[in-house]
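Dear colleague,

The structure we discussed is handed over below. My notes on it follow.

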Amino acid sequence: MALPDSLSVAQARRVTLAAQGFADPPPGGAADMRHLRRVLRRLHLIQMDSVNVLQRAHFMPLFSRLGPYPVQLLERAAYGRPRELFEFWGHEASLITTDLQPLFRWRMARAADLAWGNLRRIVVEQPELVAWVLDEVRARGPITAAEIEHDVPRRKDNWGWNWSVVKEALEWLFYTGQVTAAERTTSFARRYDLPERVLPRAVLDAPTPAPEDAFRALVELSARALGVAAEAELRDYFRLPVDGFKRAVAELVEDKVLLPVSVDGWRPATYLHHEARLPRRVRAATLVSPFDPLIWERARTERLFDMAYRIEIYVPAPRRLYGYYVLPFLLGDRFVARVDLKAERRTGVLQIPAAWLEPAAEQEETAVALAAELHRLAGWLGLHTVAPPDRGDFAGPLAAALKTHAAR
C-alpha cells in the first residue's frame, strides 16, 4: 500500500505509535528475550536516569510496550553476556544496542568539543591523573569511582552533583570510549571497565564509519523509530549536531528513504520513513514514563497529542501544575489522563499524589482503564496496594474505579 503524501494529525499519531511499538501484539504469555529484542529493534536506545521515585527510567519503556515483564531480561541484555546493550551518550545517558556502537565513535572522537566543561578541563589540567585512572581500570576493573577516589578532594559543581576529580576523569574516559560501563551497583553507580572486556569482539572489530555516513545512518534510524517527524525531532533522537545533519536528511530524501509529507496544522518540514505503517487503529492502554522516547520532544508531543507536557521534578513544589513524577496514560491513540505516582516500597503501596483528566477524555472509560493499569503496574513493582489519589480533578472518579477494581 502506497504511503500518503499528506496526513491528518490522527494518522500521524497512529504512524508514530506503530513505529514506537505500541501497535504490536502483546506477548501471548510471559515476556521473554524475543519480546524485549523486538522493542529494542524499534527504539534503538533507552534513556537512563537516576530518579527512582517509581522505577528506574530505563525499565519503563519496556513495561509500556510489553506489560509486566521480568526486569532481569533488560539487566541481562545490558550487563550480561553476550552484551546486547551498551551505555553511552545517545539521547542523554542511554542504553544503546551494541550494533550501533561504531555509529557513535565520531562522538567519542569529538569529546574535546562536545563533552561538558569539567571533563574537558580535567584532561587538560591533570592528564597524569587521567592516565593513572585508566591504569587503575585496566588493572582492577570493573571498578567504581568510589573504589579509587582515595583522598582526592571533592568539589560541588553547579549541576548539584558531587563529583570528585577521579569521577570526572572516569567520565572523560567514558565519553571518549576508552572505558565503558560493565555494570551498575545497587546504588546505580557505574562500574567501569575496558571495552575489550565488555563489548562483543565483532562490535569492537567493526570498521569505524566516516562521520557523514554515521549521521546518515542515525538519521535513518531516528526516522524509523519515530515514523513521522520534523527535522528538529530527527536531530533530537540521537542528539545529533547541526553540521552534517542537513546533508544526511537531503541524501535520505533523494534516495526516497525519507518521504516529505504534510501533516494538518504542522508548520515544520516533516518526513515519513518509507517503511512506516499506518494502522487502522491502536489499542494501547498503558502508562508512559517521562523519559519514554514517545514523548522526548515536548513540542512534538503537543502537536501529536494536543497535550502540553513537561516533567516537573526540577520545578519548585508550589509552582508544579500536576506533580513531581507525572506519567501520561495512553488509551487507544490518545493521552487521556496523567497521574503523579510514587512507589512506597517500605509499605508496599503505590501512591497517587495527584490524578488529572485530559480535556477531551471520556471520564468513566478512562477511570476504569486507568484503574486496571495502575493495579497492573503495582503488581509488576511488587506493591500490594494502590492508594486512592490525594488530589486532582480526576481524583474522585479514579478512586471509585480503583475501589471497584480491587473488589473484583
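**Helix packing, sheet and aromatic pairs**

The axes of helix α11 (residues 211-226) and helix α13 (residues 245-254) come within 9 Å of each other and cross at roughly 65°. Axes here are lines fitted to C-alpha atoms, for helices over the stretch in contact, with angles from 0 to 180 degrees between N-to-C directions. Helices (H or I, at least four residues) and strands (E, at least two) are DSSP runs numbered from the N terminus. In the contact (heavy atoms within 4.5 Å), E212, F215, R216, V219 and E220 of α11 meet F245, R247, A248, V249, E251 and L252 of α13. These residues divide into six nonpolar, no polar and five charged, where Ala, Val, Leu, Ile, Met, Phe, Trp, Tyr, Cys and Pro count as nonpolar, Asp, Glu, Lys and Arg as charged, and the others, Gly among them, as polar.

The model is predicted: local features need pLDDT of at least 70 and side-chain atom pairs pLDDT 80 or more, while totals for chains, interfaces and linings use all residues. Residues are numbered from 1 along each chain as its sequence is written, and side-chain values use heavy atoms, with hydrogens and water left out.

Next, the sheet. Three strands form an open sheet in the order β2-β4-β3, paired antiparallel; two strands pair if DSSP finds at least two bridges between them. β2 (45-47) and β3 (85-90) are at the edges with a single partner strand each, so one side of each has no neighbour in the sheet. From one strand to the next the twist averages 35°. Three bridges join β2 to β4 (residues 92-97), and L45 has I96 in β4 as its bridge partner. Helix α4 (residues 71-79) lies across β2, β3 and β4, at about 80° to β3.

As for the aromatic residues, 15 pairs were counted. Rings of Phe, Tyr and Trp (its six-membered ring) pair if their centres lie within 6.5 Å; planes under 30 degrees apart count as stacked, over 60 as edge-to-face and the rest as tilted. The ring centres of W89 and W116 are 5.0 Å apart with planes at 80°, so this pair is edge-to-face. W89 is in strand β3 and W116 in the loop between α6 (111-114) and α7 (117-125), 27 residues apart. Both W89 and W116 are buried, buried being under 20% relative accessible area, exposed over 50% and partly exposed in between (1.4 Å probe, protein chains only). W89 and W116 also belong to one aromatic cluster, whose members include F86, F88, F104 and W296.

Regards
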